[in-house]
Amino acid sequence: MSRPKTTTQLPPTPPAIHGLEVSPRTQCVHWHSDLDIIAIRHKCCRLYYACISCHEVLAGHPPETWLKEERDTKAVLCGNCRSELTVAQYLASGNCCPECDAQFNPGCARHYDLYFEM
C-alpha cells in the first residue's frame, strides 16, 4: 500500500526592496516615520524602491509613472504584511492596508503624481 503524496507549498518570497538603509518595514533614509511603510514598484524597471529619492540615487535611469489604464497592476507593497496591492487598491485604501489594517502615511498623497498618472 503506497502512501498518498503530500506536498508543502511555501509562501512566496516577498520581493526585494531597493533603497538606502531600508528597514524590514520598507522605511528608508528619506522617509522613516512609523507610517512610511510602503514600497512602490517602479514602472520603468519593475523593481520595488522604498521611495522615489532612493530610485533617483540608485536606479541610473529616470522614473516612469503608472498610467491610469494600468491601475490593476500590483505596484505597491505593504511593509507591514508584505501584501502587494494594485495601484487602484492603494489609491482607494484610505491610507490603510486592506489586508492588515496598518496605517500608511497620508502625506504620500502629495507625491502620487511622481508614481501614478492622476
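Colleague: How do the residues lining the largest pocket divide into nonpolar, polar and charged?
Modeller: The lining has 17 nonpolar residues, four polar and one charged. Here Ala, Val, Leu, Ile, Met, Phe, Trp, Tyr, Cys and Pro count as nonpolar, Asp, Glu, Lys and Arg as charged, and the others, Gly among them, as polar. This is a predicted model: local features need pLDDT of at least 70, side-chain atom pairs pLDDT 80 or more, while totals for chains, interfaces and linings use all residues. Residues are numbered from 1 along each chain as its sequence is written, and side-chain values use heavy atoms, without hydrogens and water.

Colleague: What volume does the largest pocket have?
Modeller: About 240 Å³. A pocket is an open set of points on a 1 Å grid where a 1.4 Å probe fits, with protein on both sides within 12 Å along at least five of seven lines; lining residues have an atom within 4 Å of a point.

Colleague: Which residues are closest to its centre?
Modeller: W31, A50, C51, C108 and Y115, out of 22 lining residues. β2 (38–41), α1 (52–58) and α3 each supply at least two residues of that lining. Helices (H or I, at least four residues) and strands (E, at least two) are DSSP runs.

Colleague: Are Y90 and F104 buried or exposed?
Modeller: Y90 is buried at 1% relative accessibility, and F104 is buried at 2%. Buried means under 20%.

Colleague: What about Y112 and F116?
Modeller: Their ring centres are 6.1 Å apart and their planes at 65°, so the pair is edge-to-face. Y112 is buried at 13%, F116 at 1%.

Colleague: New topic. What is the strand order in the sheet?
Modeller: β1-β3-β2-β4-β5, an open sheet of five strands with mixed pairing. Two strands pair if DSSP finds at least two bridges between them.

Colleague: Which strands stand at the edges?
Modeller: β1 (17–18) and β5 (84–86). Each has a single partner strand, so one side of each is left without a neighbour in the sheet.

Colleague: How do β2 and β4 pair?
Modeller: β2 and β4 (74–78) are antiparallel over three bridges. I40 has V76 in β4 as its bridge partner.

Key:
Buried means under 20% relative accessible area, exposed over 50%, partly exposed in between (1.4 Å probe, protein chains only). Rings of Phe, Tyr and Trp (its six-membered ring) pair if their centres lie within 6.5 Å; planes under 30 degrees apart count as stacked, over 60 as edge-to-face and the rest as tilted. Grid points are joined across faces, edges and corners, and a volume is the space filled by probe spheres set on the points.
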